[in-house]
Amino acid sequence: QVQLVESGGGLVQAGGSLRLSCAASGRTLSIIAMRWFRQAPGKERVLVAQINWSDSNTYYADFVKGRFTISRDNAKNTVFLQMNSLKPEDTAVYYCNARSRNFGSLNDYWGQGTPVTVSS
């Protein structure tokens with residue numbers, strides 16, 4: 001099992017910045033990637049960014065490229081999402097996800113979510 005605790009959400013004006021954190025504990029050696037998703041009211045949960053644990057390769061959804069940066073602190077098993085130039089449409093609950101592999105099977109673990117509200 002992997003436990004995830006998120007922090008850093010809040011209210012910010014358009015054009016502002018926020019930094020989300022997600023600390024992983026438990027079977028962290030099994031983690032192969034960590035991801036941030038978001039879910040806006042009435043919409044599906046969508047992938048925002050991903051970082052691979054083995055090589056730190058990253059992926060960004062088109063709607064955040066150039067504005068958001070995903071990074072990690074290996075020593076603390078923590079992943080960050082730096083969000084700059086925020087827009088009202090970035091308003092959502094942001095969820096941290098850890099994908100792990102155990103004996104060939106993949107498992108997904110989720111944080112509790114942290115709300116981000118961007119005012120215009």
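Trainee: On what basis is the model read?
Mentor: This is a predicted model, in which local features need pLDDT of at least 70 and side-chain atom pairs count only at pLDDT 80 or more, while totals for chains, interfaces and linings use all residues. Residues are numbered from 1 along each chain as its sequence is written, and side-chain values use heavy atoms, with hydrogens and water left out.

Trainee: How many disulfides does the structure hold, and which cysteines form the link?
Mentor: A disulfide is a pair of cysteine sulfur atoms within 2.5 Å. The structure holds one disulfide. Its sulfur atoms are 2.0 Å apart, and they belong to cysteine 22 and cysteine 96.

Trainee: Which strands hold the two cysteines, and how many residues apart in sequence are the parts that the pair ties together?
Mentor: Strands (E, at least two residues) and helices (H or I, at least four) are DSSP runs, numbered from the N terminus. Cysteine 22 lies in strand S3 (residues 18-26) and cysteine 96 in strand S9 (residues 92-102), so the parts tied together by the pair are separated in sequence by 74 residues.

Trainee: Is the link of cysteine 22 and cysteine 96 left-handed or right-handed, and are these cysteines buried or exposed?
Mentor: The angle about the S-S bond is -80°, and the link of cysteine 22 and cysteine 96 is left-handed. For accessibility, buried means under 20% relative accessible area, exposed over 50%, and partly exposed in between (1.4 Å probe, protein chains only). In these terms, both cysteine 22 and cysteine 96 are buried.

Trainee: In what order do the strands of the open sheet stand, and which are its edge strands?
Mentor: Two strands pair if DSSP finds at least two bridges between them. Four strands form the open sheet in the order S1-S3-S8-S7, with antiparallel pairing. Strands that pair on one side only are the edge strands, here S1 (2-7) and S7 (68-73).

Trainee: Which residues of S1 form its covered face?
Mentor: In a regular strand the side chains alternate between the two faces of the sheet. S1 is joined to S3 by six bridges, the two running antiparallel, and valine 2 stands opposite glycine 26 in S3. The uncovered face of S1 has Gln3, Val5 and Ser7, and the covered face has Val2, Leu4 and Glu6.

Trainee: Which residue in the hairpin of S9 and S10 takes a positive phi?
Mentor: S9 and strand S10 (residues 105-110) run antiparallel with six bridges, and alanine 98 has tyrosine 109 in S10 as its bridge partner. The hairpin has two residues between the strands, and the positive phi, near 50°, is that of phenylalanine 103.

Trainee: Where does serine 30 lie, and with which residues is it in contact?
Mentor: Serine 30 is in the loop between S3 and strand S4 (31-39). Its relative accessibility is 9%, so serine 30 counts as buried. Contact means heavy atoms within 4.5 Å; leaving aside neighbours within four places in sequence, serine 30 is in contact with Val2, Arg99, Ser100, Arg101 and Asn102.

Trainee: Is valine 46 buried or partly exposed, and which residues is it in contact with?
Mentor: Valine 46 belongs to strand S5 (residues 45-52). With a relative accessible area of 33%, valine 46 is partly exposed. Apart from neighbours within four places in sequence, valine 46 is in contact with Trp36, Phe37, Arg38 and Phe63.

Trainee: Over which rings do arginine 45 and arginine 72 sit?
Mentor: A charge sits over a ring if NZ of Lys or CZ of Arg is within 6 Å of the ring centre and within 35 degrees of the ring normal. Arginine 45, at 4.7 Å from the ring centre, lies over the face of tryptophan 110. The charged end of arginine 72, at 4.8 Å from the centre, sits over the ring of tryptophan 53.

Trainee: What is the phi of serine 85?
Mentor: Serine 85 is located in the loop between S8 and S9, and its relative accessible area of 42% makes it partly exposed. The phi of serine 85 is positive in a residue other than glycine, with a value near 50°.
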